[in-house]
Amino acid sequence: MQVKVHGVQLSEVVPLGLFINGAWRASQDRFVVVNPGTGAVLTDVASASICDARDALEAAVEAQDSWRAYSPRARADLFHKAHRLLVSRADLFAETMTLESGKPLTESRGEFKLSAEFFLWYAEQIAHLHGTFADGSHGGYRVVATHQPVGPCLLITPWNFPLLMIARKAGAALAAGCTVVTKSAQETPLTSALFVKVLEDAGFPKGVINLLHTADAAGVSSALMSDRRLRKVSFTGSTGVGSTLLGQASEHIMNASMELGGDGPFIVLDDADVDAAVEHAIACKFRNAGQACVAANRIIVHQAVEEEFTRKFVERAKALRVGNGMEAVDVGPIISERQRDRVHRMVVRLADAGGEIKSGGNVVAGDGYFYEPTVVRFPKASDALCGDELFAPVAVIFPVQSTAEAIDFANDTRYGLAAYIFTKDISRAIVLGERLDFGMVGINRGIMADPAAPFGGIKASGLGREGGHEGIYEFLETKYLALTVKSEQEILA
Ligand code: NAD
């Protein structure tokens, strides 16, 4: 295989093994990684067995006490070194991400920048963890509350943001003093290998970070989850798998954070700046070919502006350039042929349910797994999507008659990740933002990810937050020490 990345043979720059206890390990079983932009095989990588997984956990358990004992400054120094190395490899990361996930190079660069910022954010938080010191309620003792690392963690990441997901999770866990076993998505193991290589090169001690790729995600993760020495699972992916992991975590009452699916409503009210709403809706819907948990799933538009919004939105969607992410395009491929066929079946179902296809609606012929940016309009709010997450470059527009109808329709879902609202009236934005049953609400903006923001959802969209001041506490336990103290009279007697 002669694939080059950033001008060099891929196998020379990307480790293709597993990283366990500070060393890259080959394995007999391997699986292939495919470029969804061409359909061609990029390479193959080691596939972890259950034995490899146990070794990785053993290494993480072994390294836990010494990693926890690192001073905040010593830990932060390693983070800063890793951050500098990360930044020096920006192009390598961006090209690798585009090759294995298909996303346009400009989006890969954006993801890289955000991921590096997340890593830096956690580096800065290491030295800013505060406890409390208080009087006991009845005197005679003091209440000292401090934080300590949860312990060895399993991090499981999806393919749609191959660097952001691992950088955001591992950054928080390692900063908190936890050791980790991280399992990449089968579709995108290469970016996570590059990330772990950066940590290795920066000098993170052996066993502190371990990386598994595997063709047997369920088997490998079940083996890890059944070991009571694993103290936490942090998962980003579908709600179904999240629910399975929570079931397994309940066995040992294991700490769990879950970033799951979404059904994001994108609400445009009658007083909205329609041009701005269209621009943000295009980004919110078609970024990463719609394969984002926070993507606009239902575009809900007040009837007063719906004709103008839909006309302009369809024009913009038709102008999007679709193609291989290494070229100058706006929308890349769907991650796999299977997923692309799912998208087409879904569009056919929407048309059968009364949706009018305003643009797109077809598989793009040729190599790679492309689908036309598609806009479907329904005459009124309906359950045509059946609560499904589209996860596709398919926008579905529903006109509504009133603000109240918009909010009720938006909340009528089992999910609660991200919602968006466009209005020029700040009171409406605040009050309605508070009424929306979602963990995050974008007000007059369609992109919200930021290291300083607590990212996460409620209801079937998950538990816990990543980023913000909250992110690091997901990997810390509160420890209370009750200190007996003598009275002032005894001391001064
Ligand atoms: P997925 O749940 O199929 O896979 C996610 C990860 O879980 C992968 O690493 C996969 O190998 C692993 N996995 C699959 N089955 C498993 C099992 N039985 N046990 C343990 N691990 C298993 O999801 P996906 O298709 O890769 O990603 C898309 C989903 O992720 C969408 O639902 C999307 O909304 C969600 N997502 C959520 C967020 C968020 O922050 N809330 C971010 C990105 C993606």
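Analyst: Lys197 and Asp201 sit four residues apart in helix α7 (residues 189–202), so about one helical turn separates them. Helices here are DSSP runs of H or I with at least four residues, strands are runs of E with at least two, and both are numbered from the N terminus. The side chains of Lys197 and Asp201 meet in a salt bridge, at 2.8 Å from N to O. That term means a side-chain nitrogen of Lys or Arg within 4 Å of a carboxyl oxygen of Asp or Glu. The structure holds 27 salt bridges.

Keep in mind that this is a predicted model, where local features need pLDDT of at least 70 and side-chain atom pairs count only at pLDDT 80 or more, while totals for chains, interfaces and linings use all residues. Residues are numbered from 1 along each chain as its sequence is written, and side-chain values use heavy atoms, leaving out hydrogens and water.

Where they touch (heavy atoms within 4.5 Å), domain 1 brings 28 residues and domain 2 brings 29.

Together the domains bury about 2200 Å², with 59% of that on carbon and sulfur atoms. Buried area is the accessible area (1.4 Å probe) that two parts lose on being put together, summed over both. On the domain 1 side, Pro36, Trp159 and Lys459 lose the most area to domain 2, together 23% of what that side buries.

What about polar links? Across this interface there are zero salt bridges by the rule, but eight residue pairs are in polar contact, both residues at pLDDT 80 or more. A polar contact pairs N or O atoms within 3.5 Å; within protein, one must be able to donate a hydrogen and the other to accept it, and sequence neighbours count only if both atoms are side-chain atoms. Helices α4 (90–101) and α5 (105–125) and strand β22 (458–459) each supply at least two residues of domain 1's touching side, and α4 gives the most, with five.
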